[in-house]
Amino acid sequence: MRNTTRFTLSAIALGMATFSVAESNDFTQHSAHQHGLVEWHIAQDGEELLVEITAPGSDMVGFEYAPQNEEQKAAIEQALKSLAKADTLIELNASANCELVEQSVTQTLDESDDHSDHDDHDAHDKHDDHSEHHQKDAESHGEFSAQYTFHCSNPTELQSVTSRWFDTFGQTEKISVQAITDKGVSAGELTPTSRTIRF
């Protein structure tokens with residue numbers, strides 16, 4: 001499974017680079033962090049389908065910096081729990097008969113300021129200069145990432161992905177989707193009123 005995941009991630013990178021060159025007039029790679037924009041990368045390798053999601057903290061919890069209080073820590077935990085429920089976020093057309101077989105959910109909001117998981121001395125050193133600490137926060141926006149691997153027993157029937165994301169994360173304005181499937185390379189945008197991309 002891990003080899004397949006590495007393959008599909010490489011396929012995403014290669015395919016999207018090719019797509020960006022071929023369609024440079026219609027599609028611009030998002031080099032800068034954007035509020036309200038979530039990115040979905042989808043790659044198919046036969047019966048395996050990988051969906052990789054990257055979302056700014058603002059879409060998920062309303063902030064993009066290290067949690068400052070228990071309420072913000074709880075918001076991060078709740079967002080991670082929501083991301084761990086792939087079936088409430090992603091709907092593949094039923095005829096492809098896809099089943100979730102592996103997932104990974106992470107976030108980077110508290111990487112630079114986690115007293116429990118990092119060396120206490122280092123954490124306190126960072127707090128010695130608050131202005132530098134907050135400047136780093138401003139420069140490095142925290143985000144959430146998720147990877148879902150599906151096994152589809154009828155891969156030739158894979159036709160569409162429908163997003164339920166907006167029902168859970170209402171602050172998201174749109175989702176940028178880039179996909180490589182056995183049918184080719186495609187890209188599009190999902191919004192609260194247009195939630196399905198077809199292959």
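# Questions on a predicted model

Me: What is the relative accessible area of tyrosine 65?
Reply: Tyrosine 65 has a relative accessible area of 32%, so it is partly exposed. Please keep in mind that this is a predicted model.

Me: And phenylalanine 63, buried or exposed?
Reply: Phenylalanine 63 has a relative accessibility of 6% and therefore counts as buried. The cut-off for buried is under 20% relative accessible area.

Me: How many aromatic pairs are there?
Reply: The count comes to 3 aromatic pairs. In one of them, the ring centres of phenylalanine 63 and tyrosine 65 are 5.1 Å apart and the planes stand at 35°, so this pair is tilted. In another, the rings of tryptophan 165 and phenylalanine 169 have centres 4.6 Å apart and planes at 45°, so that pair is tilted as well.

Me: Why do those angles count as tilted?
Reply: Planes under 30 degrees apart would count as stacked and planes over 60 as edge-to-face, so an angle in between is called tilted.

Me: Tryptophan 165 and phenylalanine 169: buried or exposed?
Reply: Both tryptophan 165 and phenylalanine 169 are buried. They also belong to a cluster, in which ring pairs link Trp40, Trp165 and Phe169.

Me: OK, new topic. What does the secondary structure come to?
Reply: The protein has 6 helices and 9 strands. Of its 199 residues, 41% are buried.

Me: What is the order of the strands in the open sheet?
Reply: The open sheet has 6 strands in the order β4-β5-β2-β1-β7-β8, and its pairing is mixed. β4 and β8 are the edge strands, each pairing on one side only. On average, neighbouring strands of this sheet are turned by 15° against each other, with direction ignored.

Me: Which way do β1 and β7 run?
Reply: β1 and β7 run parallel and are joined by 7 bridges. Strand β1, residues 37–45, pairs with β2 in the antiparallel sense over 7 bridges.

Me: So what are the bridge partners of tryptophan 40?
Reply: In β2, tryptophan 40 has isoleucine 53 as its bridge partner. In β7, the partner of tryptophan 40 is valine 177. Valine 177 in turn has glycine 188 as its bridge partner in β8. β7 and β8 pair in the antiparallel sense, over 7 bridges.

Me: Why is β1 called largely enclosed?
Reply: β1 is largely enclosed by the rest of the structure because 8 of its 9 residues are buried. Strand β2, residues 48–56, is mostly covered, with 8 of its 9 residues buried.

Me: How many bridges join β2 to β5?
Reply: There are 9 bridges between β2 and β5, residues 143–152, and these strands run antiparallel. As an example, glutamate 48 has histidine 151 as its bridge partner in β5.

Me: What lies across β4 and β5?
Reply: Helix α3, residues 70–83, lies across β4 and β5 and runs at about 15° to β5.

Me: Back to the hairpin of β1 and β2. How many residues are between the strands?
Reply: There are 2 residues between the strands, and glycine 46 in this hairpin takes a positive phi near 65°.

Me: What is aspartate 182 in contact with?
Reply: Setting aside neighbours within four places in sequence, aspartate 182 is in contact with Gln44 and Gly46. Aspartate 182 and glycine 46 are 136 residues apart in sequence, yet 7.2 Å apart in space, C-alpha to C-alpha. Aspartate 182 is placed in the loop between β7 and β8. Its relative accessible area is 52%, so aspartate 182 is exposed.

Me: One more residue: what is the phi of asparagine 97?
Reply: Asparagine 97 has a positive phi of about 55°, although it is not a glycine. Most residues other than glycine have a negative phi. Asparagine 97 lies in the loop between β3 and β4. With 45% relative accessibility, asparagine 97 counts as partly exposed.

Me: Last one. What does the accessible surface of the protein come to?
Reply: The accessible surface of the protein comes to about 10,800 Å², and 46% of it belongs to carbon and sulfur atoms.

Notes
Residues numbered from 1 in each chain as written. Predicted model: local features only at pLDDT ≥ 70, side-chain atom pairs only at ≥ 80, totals over all residues. Heavy atoms only, no water. Buried < 20%, exposed > 50% of the residue type's maximum accessible area, 1.4 Å probe, protein only. Helix = DSSP H or I, 4+ residues; strand = E, 2+ residues; numbered from the N terminus. Pairing = 2+ DSSP bridges. Phe/Tyr/Trp six-rings, centres within 6.5 Å; stacked < 30°, edge-to-face > 60°. Contact = heavy atoms within 4.5 Å. Areas by Shrake-Rupley, 256 points an atom, 1.4 Å probe, with all protein chains shown as cover. Axes fitted to C-alpha atoms, helices over the stretch in contact; angles between N-to-C directions.
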